[in-house]
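Trainee: Could you take a close look at one part of this model with me? I would like to see how the side chains meet there.

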Amino acid sequence: QVQLVESGGGLVQAGGSLTLSCAASGGTFSRYHMAWFRQAPGKERKFVAVLSWSGGSTIYGDSVKGRFTISRDNTKDTVSLQMNSLKPEDTAVYYCAAVDRMYGFPPPQSRYNYWGQGTQVTVSS
């Protein structure tokens, strides 16, 4: 079983940048595709980005393309989300998620079965 812990959230002004980190433990990190999702108050959880187990493939949600970058360090069992040009609509709780690479890439979103507790990102106008 994999445990995921997010960190790095906070309050930032529109146009600013923030980097989120997710530390994984309890499993073999390279077995998993890693992803970020977010959920704004009163909204459904939405896909942000996914990175393949090897770090060779990425997919981004349309709303963050060109602004966010997902990366991973398989020697440190961490995945990061670099967020640039932040907008108020990026305000949400951001969740780290993992899915076994056996499901292929991109993995079906229904297969994510490991989730962090979330970290709050607030972008002020």
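Which residues does S52 touch, not counting residues up to four places away in sequence?

Mentor: Happy to. This is a predicted model, so to speak of local features we need pLDDT of at least 70, and side-chain atom pairs count only at pLDDT 80 or more, while totals for chains, interfaces and linings use all residues. Residues are numbered from 1 along each chain as its sequence is written, and side-chain values use heavy atoms, with hydrogens and water left out.

Now to your question. S52 touches H33, S57, R72 and F105, leaving aside residues up to four places away in sequence; contact here means heavy atoms within 4.5 Å. S52 itself lies in the loop between β5 (46-51) and β6 (58-60). Strands are DSSP runs of E, at least two residues long, and helices are runs of H or I of at least four, numbered from the N terminus. S52 counts as buried because its relative accessibility is 4%. The classes are buried under 20% relative accessible area, exposed over 50%, and partly exposed in between, with a 1.4 Å probe and protein chains only. The C-alpha atoms of S52 and P107 are separated by 9.0 Å, although these residues are 55 apart along the chain.

One of the residues that S52 touches, R72, also lies over the face of F29, at 4.4 Å from the ring centre. A charge sits over a ring if NZ of Lys or CZ of Arg is within 6 Å of the ring centre and within 35 degrees of the ring normal. The charged end of R45 sits over a ring too, that of W115, 4.4 Å from its centre.

Rings of Phe, Tyr and Trp (its six-membered ring) pair if their centres lie within 6.5 Å; planes under 30 degrees apart count as stacked, over 60 as edge-to-face and the rest as tilted. The rings of F37 and Y112 are edge-to-face because their planes stand at 80 degrees, with the centres 5.2 Å apart. That pair links distant parts of the chain, with F37 in strand β4 and Y112 in the loop between β9 and β10 (114-115), 75 residues apart. Both F37 and Y112 are buried. F37 also forms a tilted pair with W115, 5.0 Å centre to centre and with 55 degrees between the planes. Since F37 lies in strand β4 and W115 in strand β10, this pair ties together parts that are 78 residues apart in sequence. F37 has a relative accessibility of 4%, whereas W115 is partly exposed at 31%. Ring pairs link F37, F47, Y112 and W115 into a cluster.

The structure has four salt bridges, each a side-chain nitrogen of Lys or Arg within 4 Å of a carboxyl oxygen of Asp or Glu. One of them joins D90 and R38, with the closest N and O atoms 2.9 Å apart. Another joins D90 to R67, at 2.7 Å between the closest N and O atoms. Here the loop between β8 and β9 is linked to the loop between β6 and β7 (68-73), which holds R67, 23 residues apart. D90 and R67 are both buried, and R38 is buried as well. Through shared partners, salt bridges join R38, R67 and D90 into one network. K65 and D62 also meet in a salt bridge, 3.1 Å from N to O, and both of these residues are exposed.
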